[in-house]
Amino acid sequence: MPVKRCVLRAFLFFLHGSANPWYRNNMSFGPISISRRHVLGDLYTRCDAIESVPVHMDNIEGELLGHVDEGLGHYADAFRFHLNEDICKKLSAGHFTYSFNYEHSENEEKVTGRRRIKLNAILLNARKGYAKPVPKTKASAVAALAAETAAAEAAAPESAEV
């Protein structure tokens with residue numbers, strides 16, 4: 001009985017694990033859907049519906065990566081990003097932040113409250129890397145070791161050559 005379970009587990013790993021070339025080759029990243037609230041943040045309540053908006057890298061003059069539209073299918077309140085596979089993977093992993101190029105869609109006479117906006121472009125900004133902080137326990141251990149070595153060097157008499 002245990003042998004049958006091992007064979008079954010190995011077979012399932014082969015079907016669903018990375019050992020199966022069919023699974024690896026047929027895994028594709030097409031358009032990625034992300035909720036409007038996640039992308040727009042504070043602008044969510046003010047943004048008009050969009051049909052197709054270009055997506056650029058870093059600034060409006062930057063590289064044109066693709067476009068975004070509103071997928072009115074199963075996810076009615078979502079943006080569907082049509083980008084290449086590498087950018088889709090990075091976007092889904094959180095490697096980018098969003099910034100926007102927009103204009104006000106309402107007339108300027110209405111000053112009360114927040115005015116509605118119309119998106120002209122979505123800009124993807126790469127997140128900056130950072131140095132990992134040293135844990136407090138390691139920092140105190142390193143400081144204590146440095147203090148000990150400095151004290152040992154000061155206390156040790158210089159050796160005289162004979």
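**Salt bridges and core of a predicted model**

Visitor: How many salt bridges does a search of the whole structure find?
Guide: The search finds four salt bridges. Keep in mind that this is a predicted model.

Visitor: Which side chain does Arg36 meet in a salt bridge?
Guide: Arg36 pairs with Asp77, at 3.4 Å from N to O. Arg36 sits in helix H3 and Asp77 in the loop between E3 and E4, so the bridge ties together parts that are 41 residues apart in sequence.

Visitor: Is Arg36 buried or exposed?
Guide: Arg36 is buried, at a relative accessible area of 6%. Asp77 is partly exposed, at 39%.

Visitor: Which residues are linked with Arg36 in a network of salt bridges?
Guide: Glu70 and Asp77 are linked with Arg36 in that network.

Visitor: And what does Asp48 meet?
Guide: The side chain of Asp48 meets that of Arg116 in a salt bridge, 3.0 Å from N to O. Asp48 is in the loop between H3 and E2, Arg116 is in the loop between E5 and E6, and the two are 68 residues apart. Asp48 counts as partly exposed at 22% relative accessibility, and Arg116 counts as partly exposed at 27%.

Visitor: Where are Asp69 and Arg80?
Guide: Asp69 is in strand E3 and Arg80 in strand E4, 11 residues apart. Their side chains form a salt bridge at 3.6 Å, N to O. Asp69 has 16% relative accessibility, under the 20% limit, so Asp69 counts as buried. Arg80 is partly exposed at 29%.

Visitor: Changing topic. How many residues has the largest nonpolar core?
Guide: That core has 26 residues, and Phe81, Leu83, Leu91, Tyr98, Leu119 and Leu124 have the most contacts inside it. Elements that each supply at least two of its residues include helix H3 (36-40), helix H4 (85-92) and strand E5 (96-104).

Visitor: Which element gives the largest share?
Guide: E6 does, with four residues.

Visitor: What is Phe81 in contact with?
Guide: Leaving aside neighbours within four places in sequence, the contacts of Phe81 include Pro31, Ile34, Val55, Leu91, Tyr98 and Ile122.

Visitor: How many helices and strands in the protein chain?
Guide: The protein chain has five helices and six strands. From the N terminus, the order is α-α-β-α-β-β-β-α-β-β-α.

Visitor: What percentage of the residues count as buried?
Guide: Of 162 residues in the protein chain, 24% count as buried. The chain exposes about 12400 Å², of which carbon and sulfur atoms supply 57%.

Methods. Residues numbered from 1 in each chain as written. Predicted model: local features only at pLDDT ≥ 70, side-chain atom pairs only at ≥ 80, totals over all residues. Heavy atoms only, no water. Buried < 20%, exposed > 50% of the residue type's maximum accessible area, 1.4 Å probe, protein only. Areas by Shrake-Rupley, 256 points an atom, 1.4 Å probe, with all protein chains shown as cover. Core = buried A, V, L, I, M, F, W, Y, C linked by side-chain atoms within 4.5 Å. Contact = heavy atoms within 4.5 Å.
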